[in-house]
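Have a look at the model first, and then we can walk through a few of its features together.

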Amino acid sequence: MAADFLEGLPVELRSLLERRARLANLDPMALLTQILDRQLRDDDRASNVLYVSAPVNALVEGLYREDTTIADILARGDFGLGTFNDLDGEMVVLDGKVYQLRSDGNAHDVAADARTPFACVVPFMPYSSEDIDEPLDYAQLNALFDRLIPSKNMLYAMRLDGRFDYVRTRSVPRQDAYKPLVEVAREQPEFEFHDVEGSMVGFWTPTFMQSVAVPGYHLHFLTADRRHGGHLLECRPRRIRISLQHIPRMELGLPMTLDYLTADLTRDTHKDLQEAEH
Ligand SMILES: [Zn+2]
């Protein structure tokens with residue numbers, strides 16, 4: 001098999017590989033394995049970047065329209081969350097597909113040219129997973145996250161799959177006139193699920209990044225039939241798998257819209273964000 005493979009390479013590439021292998025005192029297949037291993041790891045490292053399409057501060061200040069498209073988002077990750085222009089529902093990005101969880105509680109398909117004022121995505125490559133086979137309340141689940149995360153100064157992508165005794169979510173209603181995020185959040189419809197199968201998609205973000213992304217654990221829920229969900233407010237898992245990915249870098253988009261360029265983003269929005277997102 002190895003010999004066949006080498007035979008199949010272009011002659012020049014094969015002789016280059018054999019020459020390098022002789023110099024390294026390796027057989028050509030061993031050298032090839034080394035090169036491939038290094039290249040694939042480099043690719044993983046290079047793509048392990050959290051993309052945040054705009055600072056969350058702008059969203060808190062009521063900038064609900066930006067030019068970032070869903071296609072832009074999917075080009076940077078297959079996993080994540082966010083919202084849509086005019087605050088038209090909660091976004092879940094799972095396995096490379098975008099779901100729009102509107103305030104009717106249903107998941108809608110999203111066009112590639114739809115736009116978002118705020119989204120966070122990453123190519124999902126979990127480095128660990130943990131199977132939890134006992135019912136937990138929400139406080140216990142958060143304590144478990146705290147134990148699974150080696151350092152709170154890093155970014156993490158987190159995916160939960162399994163069965164939940166209870167899930168409570170909300171979805172922001174579409175805004176046609178300007179209203180601050182903190183006021184919108186006070187009127188958001190909530191949804192309850194009992195004995196439901198589904199996935200949670202989200203991130204841990206360090207507190208010191210609070211003007212850029214939502215600090216703490218931030219998860220969005222999608223049912224296994226991919227038809228319902230929303231921003232997670234509370235849940236009680238019964239049997240789940242938790243997959244984690246640490247993310248050492250972030251890319252922050254700064255929008256070019258006139259509203260963004262002329263907005264006053266100097267206010268400390270921490271309290272508003274706390275109330276709106278938790
Ligand atoms: Zn959310």
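For helix packing, axes are lines fitted to C-alpha atoms over the stretch in contact, and angles between N-to-C directions run from 0 to 180 degrees. Keep in mind that this is a predicted model.

With that in hand, helix 2 (residues 11-23) packs on helix 3 (residues 28-47) at about 95 degrees, and their axes are 9 Å apart. Angles of 65 to 115 degrees count as roughly perpendicular, and the two helices are therefore roughly perpendicular to each other. Helix 2 brings Leu 17, Glu 18, Arg 20 and Ala 21 to the contact, while helix 3 brings Pro 28, Leu 31, Leu 32 and Ile 35. Sorted by class, this contact has six nonpolar, two charged and no polar residues.

Next comes strand 4 (residues 90-94). Five of its five residues are buried, so strand 4 is largely enclosed by the rest of the structure. Glu 90, Val 92 and Leu 94 cover one side, with Met 91 and Val 93 on the other. Its two pairings look like this:

| Strand 3 (residues 79-83) | antiparallel | four | Leu 81 |

In the hairpin of strands 3 and 4, Asp 86 takes a positive phi near 65 degrees; in that of strands 4 and 5, Asp 95 has a positive phi near 50 degrees.

Finally, which protein donors does the zinc ion have? They are His 218 (NE2), His 220 (NE2) and His 231 (ND1), lying 2.1 Å from the ion. Both His 220 and His 231 are buried.

Key. Residues numbered from 1 in each chain as written. Predicted model: local features only at pLDDT ≥ 70, side-chain atom pairs only at ≥ 80, totals over all residues. Heavy atoms only, no water. Parallel < 35°, antiparallel > 145°, perpendicular 65-115°, else oblique. Contact = heavy atoms within 4.5 Å. Nonpolar A, V, L, I, M, F, W, Y, C, P; charged D, E, K, R; others polar. Donors = N, O, S within 2.8 Å, 3.2 Å for Na, K, Ca; no water. Buried < 20%, exposed > 50% of the residue type's maximum accessible area, 1.4 Å probe, protein only. Pairing = 2+ DSSP bridges.
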